[in-house]
Amino acid sequence: MKLTGEIPFPKCHTCFLAAEGLLSHPGDDSDPHAYNMHCPEAALPSVSLLGVVRGGGGQLNTGSTLLHYDLETTVYDISSKSSVTFTVCIYFRNGKRWTNFPSLAMQSRIFIDGRIFGITTTTPRLAIGVDDVYFIPNLASITTPPVTPTSSAGKQTQADRWNTRANPLTPMKRSRMLMSVSDSQGLGEGHQTPQTSLTSATISSDVHVPIQSEHSNEAFGRDTTVEHLTPPEDKFSADTILSGSQPQRRRKFSKSNLTS
Amino acid sequence: MPSQVYSPAILHLRDFINSVGPDPSRPGQGLALQIEASLHLPFQTDLYSDDVELTGLPTTVHFFASPGNSQSYDPNKFIYAWGSFLTFVDPEGSLRLILNAHEVDW
């Protein structure tokens, strides 16, 4: 297509085109002579096709018949809403282009680029001059590859790479908890802090809990996992609820316990 | 969706319209058109084989015209078309080509 019209602002860097119309190439067909004068030169229709090799003939650089193969393909015809199988004949040009090209095995699947240059005389089929060939594995030979230890190990490594990644909340603190427990065992009672007592309860219940410290921020203080710290005996059990008795609550730890 | 494996078969052509009309395979759809053309195959010096003849290839192009352009396809107009194609041999023994065009430009 080409655009026609005026350029209203010729001195501007940006070209604004007030198009009077959007005409196709070669243009207005009301004048057949001018129209045909501007038509593009004739060219062979180009095709891209995937098919199965069914037969062949001819020889490369020898004789008057070009090396050729029959290529069968099945397509879906949207007009008839059914499958259609047809055969084309692909031809290889003489010259050096295809001298090192291997012979195509029967039943092999290939994808070709080429151009239609005629119709075969023996059986009416499209004659396509090949520009390029791509080999496609046969569907029958495509099987699910067995899971090898190497491949599974690779997947495991990839999975572990994410699972062993440092958690933004717990792992660092857990290591600090473990360290504080071991430290508390090695240190005297005078060195034990309320924080270490809290972490020992955390480890016994196997629940990740952020360390309560003076430097802890509000977000840590609001951590709902602290609720799981409550020892089982502090919970209302089914027996106590049924018997109607109120369980005795353990006194909470406070700094006064340490100082006393 | 059909379960059978289909292959791609794509054709690009540029040629003149011989005739144009409604697509009989899609009755009642105003934008569904059918173009008849005879593909011109110019002689190529490097593509000659004694079992191939150069002749006009009867071609039928099915396509949907864009709204407002259904009247723009006239006989003798030069078109560019591309889409999925297939071939078959008609009862007279002649090879025919059908192009289900994704687009027909002019």
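## Confidence of the model

The mean pLDDT of chain A is 70, and 47% of its residues reach 70 or more. Within chain A, residues 177-242 have a pLDDT below 50. Where pLDDT is low, the predicted coordinates should not be read in detail.

## Make-up of the two chains

Chain A contains seven helices and seven strands. Along the sequence, its elements follow the order β-β-α-β-β-β-β-β-α-α-α-α-α-α. Of the 260 residues in chain A, 14% are buried. Among contacts in chain A with a separation of 6 or more, 39% are between residues 24 or more positions apart.

Chain B has zero helices and seven strands, and from the N terminus its elements read β-β-β-β-β-β-β. Of the 106 residues in chain B, 31% are buried. Of the contacts in chain B between residues at least 6 apart in sequence, 58% join residues at least 24 apart.

## Strand pairing in chain A

Strand β7(A) pairs with both β6(A) and β5(A). The pairing of β6(A) with β7(A) is antiparallel and comprises 10 bridges. These two strands form a hairpin, with five residues between them. The pairing of β5(A) with β7(A) is parallel and extends over three bridges.

A:Ile128 in β7(A) takes part in both pairings: A:Ile116 has A:Ile128 as its bridge partner, and A:Ile90 stands opposite A:Ile128. Apart from residues up to four places away in sequence, A:Ile90 touches A:His68, A:Tyr69, A:Leu71, A:Ile112, A:Gly114, A:Ile128 and A:Val130.

## Strand pairing in chain B

In chain B, strand β5 (residues 57-64) pairs with strand β3 (residues 32-39) through eight bridges, and the two run antiparallel. B:Ala32 stands opposite B:Phe64 of β5(B) in this arrangement.

Strand β5(B) is also joined by four bridges to strand β7 (residues 95-105) of chain B, and these two run parallel. Here B:Val61 has B:Leu99 in β7(B) as its bridge partner.

## The largest nonpolar core

The largest nonpolar core has 46 residues. Those that touch the most other members are A:Ile90, A:Tyr91, A:Ile116, A:Ala127, A:Ile128, B:Val61 and B:Leu99, and β5(A) gives the most to this core, with six residues. The core therefore includes residues from chain A and chain B, and its members are buried nonpolar residues joined through C-beta atoms within 7 Å.

A:Ile116 and A:Ile128 are bridge partners, A:Ile90 stands opposite A:Ile128, and B:Val61 is paired with B:Leu99.

## The contact between the chains

Chain A supplies 45 residues to the contact and chain B supplies 43 residues. On the side of chain A that touches chain B, at least two residues come from each of β3 (46-57), β4 (67-77), β5 (82-92), β6 (109-120) and β7 (126-136). The most come from β3(A), with six residues. By residue type, this side of chain A divides into 25 nonpolar, 16 polar and four charged residues.

Strand pairing also crosses between the chains. Four bridges join β3(A) to strand β1 (residues 9-16) of chain B, and these strands run antiparallel. A:Ser48 stands opposite B:Ile10 in β1(B).

## A:Ser46 in strand β3(A)

A:Ser46 is located in strand β3 of chain A. Not counting residues up to four places away in sequence, A:Ser46 touches A:Arg115 and B:His12. A:Ser46 and A:Ile116 are 70 residues apart in sequence, while their C-alpha atoms are 6.4 Å apart in space.

Why is A:Ser46 classed as partly exposed? A:Ser46 has 18 C-beta neighbours inside 10 Å; a buried residue needs 20 or more and an exposed one has 12 or fewer, so A:Ser46 falls in between.

How values were computed:
Residues numbered from 1 in each chain as written. Chains lettered and ligands numbered in written order. Predicted model: local features only at pLDDT ≥ 70, side-chain atom pairs only at ≥ 80, totals over all residues. Contact = placed C-beta atoms within 7 Å. Nonpolar A, V, L, I, M, F, W, Y, C, P; charged D, E, K, R; others polar. Pairing = 2+ DSSP bridges. pLDDT = per-residue confidence, 0-100.
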